Amino acid sequence: MKAETTAASYPRFLWRMFINAFDGTWKFYVWMFALTAIALVGANAWAHQVVDGMTRTNMSDHVSWGLYIANFTFCVGLAAGAVMMVIPAYLYDDKEMLNVVIIGELLAIASIFMCLLFIVVDMGRPDRLWHAMPVVGRFNWPMSMLTWDILALNGYLLINLHITGYLIYSRYRGHKPNKRWYLPFVFLSIGWAISIHTVTAFLYSGLGGRPFWNSALLAPRFLASAFVTGPAFIILLLQVVRRLTDYPIGERPIRTLTYVLRITIVINLFMLASELFTMFYTGGSHLASAKYLFFGLHGHSELVPWAWASLFLNIGALALLFVHQRTRDTKWLNIACVGAFIGVWIEKGMGLILPGFIPSTLHEMVTYKPSLTEWKITLGIWAAGLMILTIALKLALPVLTEKVRAASADAEPADATAEE
Amino acid sequence: MKRRVALKVVGATLGAAAFARALAPLAQLRDDANMDEFLQKNYRELTEEQVGDVIARLQADARKKYGRDDITIKDPHAIEGVEFGYALNLSMCIGCRRCAEACHKENNHDRKTNNSYIRVLEMKQGSMDMGQGNADYDHPVPQKGKYYMPVQCQQCDNAPCVKVCPVQATWKEPDGVVVVDYNWCIGCRYCMAACPYHARRFNWKKPEIPADEINPNQGLLSNRVRPQGVVEKCTFCLHRTRNGQLPACLEACPTGARVFGNLLDPKSDIRWVLENKRVFVLKEELGTRPRFFYFFDV
Amino acid sequence: MARALPLLPTLAALTAVIACNAPVQERTKQPAPGPASHPVTIRQPAALGGLLVKGTSANAQKMHVGCDTCHSLRTPATVPRDTKQLSSIHRGLKVQHGRLPCTSCHDSKSPQNLRLASGERISSAEVMRLCGQCHGSQKRDYDHGAHGGMQGYWDLSRGPRTRNNCVHCHAPHTPAYVGGRPVLPLKDRFLSPNTGGNR
């Protein structure tokens with residue numbers, strides 16, 4: 001068979017991917033059906049929110065950001081942390097890591113989609129999305145940190161789509177990927193991952209009117225917690241992939257990520273301690289938000305159980321990681337990962353966004369508890385993200401294990417040491 | 001194999017139908033949809049002629065919606081040689097909230113929520129700590145041992161809200177007023193997070209005002225009835241002040257605690273206050289440089 | 001590194017695309033304010049130059065009796081130190097104006113008129129001149145728009161302004177300002193007793 005041109009092969013590749021996205025075992029169908037149902041409930045709730053207004057949420061003029069932005073912030077961290085494996089894999093040329101790096105990049109893509117969805121559902125006027133685009137709209141760059149965030153997140157998405165797309169398509173064609181087409185982007189993605197979460201942190205830390213956020217330590221804290229959630233989720237994800245597919249996943253990647261997790265949880269806790277010391281030792285009215293969060297203020301203590309739960313989850317996860325080190329029982333590792341993931345979710349969501357608004361800038365205590373609409377939409381977006389991740393893995397892994405190949409691939413010189 | 005494909009096609013069709021059903025409520029927006037409004041650019045990029053077209057459209061819509069022929073929307077420009085300043089006498093304010101009520105009526109605020117751009121804090125005498133203040137009082141005023149501090153948009157010279165808006169829907173006009181283009185705002189509420197003075201309000205739903213309570217003298221950038229999903233704030237009643245009139249809150253104040261005028265006129269009342277009273281601004285350390293000043297008589 | 005150089009013009013172009021927005025249209029300003037050409041009117045309260053008496057008239061209106069109604073017909077007794085020393089009329093008048101005797105403000109020879117500190121007689125319509133003699137700082141503030149409020153225009157080249165008289169808010173015999181109940185109570189969706197609370 002003659003070698004095919006890209007122009008002829010690519011559309012066929014896309015079509016095959018499209019078909020494969022809907023083809024699987026009964027477990028796959030049940031999983032996707034459940035996620036679709038949840039996602040549709042969320043979509044419907046959002047449609048009602050657009051028509052009736054954001055009054056369907058429980059946000060107010062005092063607490064003007066809530067569950068959506070909390071989850072947005074968390075998902076940016078997850079996207080940044082997902083690419084954490086890239087550093088050991090490429091910077092230290094760790095061959096065993098290379099197999100699993102792509103899983104991290106696919107998680108990053110799914111996370112960024114979730115971020116973008118969380119922003120869209122939080123907008124009062126999603127019909128005016130085009131106003132925020134450069135050239136066609138009016139882009140307040142470089143002054144507004146939100147514009148930096150728009151560029152950073154979309155750029156990150158494109159970089160990861162390119163890298164994964166290129167590598168998967170090359171493998172599909174049986175070609176050895178050309179380093180020039182992906183290696184620079186890989187190194188770019190390392191710096192870019194750090195910058196997406198730095199920029200997101202700067203959104204908050206640049207606001208003088210919100211002393212709870214106005215700290216130089218916020219961006220480092222964001223990165224530390226991102227590098228907790230990324231590895232934690234991937235450790236669990238790799239085990240799931242290992243169980244459900246025959247994609248080769250060695251022990252080394254999981255071990256490397258566990259080492260990383262042990263360090264980043266400690267750094268995250270240390271930074272939290274540093275912030276708490278500064279606030280509680282100095283005292284004064286800038287302490288009000290932290291006091292509300294951990295001890296309650298003026299008769300309000302809605303967030304106190306959440307704050308302490310998050311602290312115990314993070315510390316407990318660290319303890320379990322040491323138990324795992326001793327006993328080598330994966331059960332402890334997995335529980336630690338789940339605990340750290342939830343602990344950071346609380347810390348970044350309830351523990352960061354809400355206290356920034358409570359007390360308000362005029363020191364009024366108006367509290368917030370998400371409404372049913374907000375929960376539906378949030379869960380719907382998480383379901384959509386999981387769907388994207390599932391489909392991405394389902395498409396990528398068979399290609400990478402050469403189960404799915406272009407018909408013409410057999411005719412072309414295959415390289416035994418094809419790298420990813 | 002064929003059955004599998006058939007099942008998949010049925011499944012995909014059902015999925016598409018379910019998705020359409022899920023988003024069905026969006027169809028209710030069809031009546032409000034307007035191509036001209038959708039494509040409308042930022043106010044500052046529009047020529048005067050285009051602004052005229054926008055005003056004509058908005059005015060016609062408002063007249064139809066409220067059944068009132070007297071609704072007029074104007075777009076007064078800044079006045080040469082005028083920069084507005086506002087001062088508030090904390091020795092004179094009795095906390096009666098008539099300013100908040102006047103703002104509520106003048107600016108066509110939603111009736112059910114008693115929304116107003118002015119928030120009056122009952123403060124403890126001897127303390128500037130707003131944490132010991134209370135906006136939700138309902139007893140005869142003035143109370144012993146308390147003083148009253150109304151807070152509204154400070155029209156900052158170095159406004160954090162202007163800095164953070166991703167689409168430049170809010171900006172500082174030449175006469176000092178920070179305005180919002182309600183047809184450009186995307187409702188992200190970043191400005192509300194950035195404002196240190198709780199000056200901004202969001203339209204969590206469409207504001208509801210009975211037709212006979214509508215203030216028909218409306219400004220494009222100030223008190224026309226705002227759409228759902230956008231941010232709004234005090235504009236120093238620019239539809240009045242740019243016509244030389246006093247803002248509604250000042251007219252309603254029974255004690256005369258409010259002083260307004262042209263900062264560039266050396267003979268104005270506001271200049272006299274700034275030069276002869278001990279004047280301060282809120283949260284000065286944030287560097288926002290407000291145009292709203294507070295003073296005590298003694 | 002040298003291979004990265006071609007990136008620079010691309011980056012520059014991208015930055016230009018992102019940072020440049022459509023030009024802002026100039027808005028012609030309104031002409032500068034002219035000289036003040038409209039009057040500032042100080043309203044005259046109806047009660048000035050008389051008293052509101054108890055009861056209502058035949059057509060159920062409040063009754064306002066001008067000072068001259070009686071004082072032009074009868075010669076009053078010597079103006080006492082306070083109302084308790086009067087025999088009948090004006091006996092019930094509540095006076096809480098520091099420890100001032102009646103003659104501090106009222107001309108002893110014709111009590112329906114007022115007197116300045118020099119003894120000069122002025123009509124009750126000019127009461128603000130008298131108030132300003134003792135309450136100079138308030139009068140000074142009033143003259144500069146920082147006391148007593150106003151309605152109308154800040155730009156007197158475009159329209160007039162009306163002001164209150166001192167006695168609109170400060171009844172001359174009991175000048176302490178009487179407050180009231182606040183209006184437009186807060187109806188925020190999420191106010192709770194501990195929002196700020198009646199602390």
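Predicted model: local features only at pLDDT ≥ 70, side-chain atom pairs only at ≥ 80, totals over all residues.
Visitor: How do you know what share of chain C is buried?

Guide: A residue is called buried if 20 or more other C-beta atoms lie within 10 Å of its own. By that cut-off, 15% of the 199 residues in chain C are buried.

Visitor: What pattern does chain C follow along its sequence?

Guide: The order is α-β-β-β-α-β-β-α-α-β-β-α, which comes to five helices and seven strands. As for contacts between residues at least 6 apart in sequence, 45% join residues at least 24 apart.

Visitor: Why are chains A and B said to be in contact?

Guide: Two residues count as in contact if their C-beta atoms lie within 7 Å. Here 51 residues of chain B are in contact with 44 residues of chain A, so the term applies.

Visitor: Which elements of chain B supply at least two residues each to the side that touches chain A?

Guide: They are α1 (2-22), β3 (119-124), α5 (160-164), α6 (190-194) and β7 (200-202) of chain B. Of these, α1(B) gives the most, with five residues. By class, that side of chain B has 33 nonpolar, ten polar and eight charged residues.

Terms used. Residues numbered from 1 in each chain as written. Chains lettered and ligands numbered in written order. Helix = DSSP H or I, 4+ residues; strand = E, 2+ residues; numbered from the N terminus. Nonpolar A, V, L, I, M, F, W, Y, C, P; charged D, E, K, R; others polar. Buried ≥ 20, exposed ≤ 12 C-beta atoms within 10 Å, placed from the backbone.
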